[in-house]
Amino acid sequence: MTESSSPPLADLLQAAVTTVGGTERPGQTAMAQAVAEAIDDSSHLLVQAGTGTGKSLGYLVPALAHGERVVVATATLALQRQLVERDLPRTVEALHPLLRRRPEFAMLKGRSNYLCLHRLHEGVPQEDADEAGLFDPFEAATPTSKLGKDLLRLRDWSDETETGDRDDLSPGVSDRAWSQVSVTSRECLGASKCAYGAECFAEAARERAKLADVVVTNHALLAIDAIEGAPVLPSHEVLIVDEAHELVSRVTGVASGELTPGQVNRAVRRAAKLVNEQAADALQTASEGFERLMELALPGRLEKIPEDLGYALMALRDAARTVISALGATRDASVKDEDAIRKQALGSVENIHQVAERIVEGSEYDVVWYERHDRFGASLRVAPLSVSGLLREKLFEDRSVVLTSATLKLGGDFNGVAASLGLAPESPQDPEGGEETAPRWQGLDVGSPFDYSKQGILYVAKHLAQPGRDGSRADMLDELAELVEAAGGRTLGLFSSMRAAQAAAEELRGRLDAPILLQGEETLGELIRAFAADARTCLFGTLSLWQGVDVPGPSCQLVVMDRVPFPRPDDPLMSARQKAVEEAGGNGFMAVAATHAALLMAQGAGRLVRASDDRGIVAVLDPRVERARYGSFLRKSMPDFWYTTDRNQVRRSLAAIDAAAKAQGA
């Protein structure tokens, strides 16, 4: 794939827009031009493109015109499917006559997203089959059980599917069933050793990606490719990161590690039959010592590793290293499916070794903490204090990178998000005209085709009491009930915690006739469908609703946020990051807590206006957005709605919107 002369970008964009049945928008045109320029001069671009801009075409058209391979990484499955099933086929079809070539595209995911034929036909290694709660062979053998039906359907599907991609299976199956027919990259035998290697779905997806002009993937796989040093994506000259506001969180997740007693015990069982008794006993003893400590673990950050934990981790590390050596040196032909068992055991033990060694080494750039879950018990976790340096080195060095989202400007500029990505403030060139001190980039806000100031109102209930730590807010619940009643339902309630969402749902179900749906009581997809189908219905929930709901029209005319979604004060990673900024002379609260809250509030407010004829109100039931010094920063991060603190005006507006919707039959 080499760059060739292409028709004018304006002609290509017009052809693509016409094919999808849309109309050109100034923001989309400006975005496409900026993307083309960034690719041409090998620089980097941050583009804020509001809902309705048509940003997919805004980056796909210039990327396809350039002729070099491009990787598009998204955060959500919904956008991946939209790109591969709708946007790319239409765009390629539209550009083909003008480009005189037909760009190829493919989707690539992590290995565990694909059906493993070895697992399907040979079964789960016995060590896994023996683990309670993971797999019950008797239940699986019962065709009438839920798990048995899922496994039989997966077997039938394996003969029909061309991709083996879990997301192509409809209806889907439970995580429990899928775990029986999939493997992680650590567990995979490798195409050369596997009897089904020639038919492997994951390997076929990689081969398709190697031949494609556009590879659509996810943030997690992008992070693995960048961080772990073993390339999983084909070489590419252009990287486009959509939903870029999620990237830092996803990269942090990939760069984190975890140890739990259950995880260590599984590794012991998997390795026990494959290594000598001495190596197995050493790992067993180390596992028991670690488990005893974890029984007493209290949640919170470990700024210094306690001596007893340090000894336990060193014992785990050393025993794991011995087992790894033993696994590489022995073979037992009498063990059925020995290669698969060995590979799985090796993956489990290697993970324990890596995490234990990382924590023992105690890097100043890592944060270590205990977590405790009511159901799963205690875990020991480690994560990078920051991923900005990692991203600067691994992401921006050898390719042009375009990052886009509806929410990249926080508090009025791109600098906060840019800093989290490892980019210096805008204009990073050396003022003396010498070499550049950081990757070159620029920020561009192409706006939105929506007239936010006329389509929506931002209401802050400044008369309410400031939220406290006890969580009880009777005045907030009164305000919420009055707003929902004035709106005639039609409410998306975004809460900072599941406890708050549950309390609000319980209270309003007792006060109002409007149906109240609550996250967790049904699958998210079913909840959103029910919410969209009945305008009187309300939907209450937490984090995934702040970012994952797209319901245009009269079903969503009031979006309520119960409070500013600051990170929990006891969140070890966030508090460590805040402290690090302060020690460097910066404002830790604004750089970490306020930026985190602003990003979520911008995303949450974006749920209101999803189409040009949408009307409604975003109500923030936290007076700090009006009273506190950081309030203006939060307000500037949200769409440019008409702003008020007048509760009576808001009720009149909601009543008018409700009456108009009813008059239209909604």
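A residue counts as buried when its relative accessible area is under 20%. In this predicted model, Thr-51 has a value of 18% and is therefore buried. Thr-51 sits in the loop that links strand E1 (44-48) to helix H3 (55-66). Its side chain makes a polar contact with the side chain of Arg-610, at 3.4 Å.

Asp-614 lies in the loop between helix H25 (588-605) and strand E17 (616-620). Asp-614 is buried but has no salt bridge. Arg-610 is the nearest side chain of opposite charge, 6.5 Å away. Backbone nitrogens approach the Asp-614 side chain instead. That of Gly-553 lies 2.8 Å from one of its polar atoms, and that of Ala-611 lies 3.0 Å from a polar atom of the Asp-614 side chain. With neighbours within four places in sequence left aside, the contacts of Asp-614 are Gln-455, Pro-552, Gly-553, Leu-608 and Val-609.

Helix H4 spans residues 77-99. The helix bends by about 45° at Leu-83. Leu-83 is one of the buried residues of H4, which also include Leu-79, Gln-80, Asp-87, Thr-91 and Leu-99. The cover over these buried residues includes helices H1 (9-19) and H3. Strands E2 (70-74), E3 (105-107) and E4 (214-218) contribute to the cover as well. Just after H4, Arg-100 adopts a positive phi of about 60°.

How values were computed:
Residues numbered from 1 in each chain as written. Predicted model: local features only at pLDDT ≥ 70, side-chain atom pairs only at ≥ 80, totals over all residues. Heavy atoms only, no water. Helix = DSSP H or I, 4+ residues; strand = E, 2+ residues; numbered from the N terminus. Buried < 20%, exposed > 50% of the residue type's maximum accessible area, 1.4 Å probe, protein only. Polar contact = N/O pair within 3.5 Å; in protein donor to acceptor, adjacent residues only side chain to side chain. Bend = angle between axes of the 7 residues up to and from the residue. Contact = heavy atoms within 4.5 Å. Lys, Arg positive; Asp, Glu negative; His and termini not counted. Salt bridge = Lys/Arg side-chain N within 4 Å of Asp/Glu carboxyl O.
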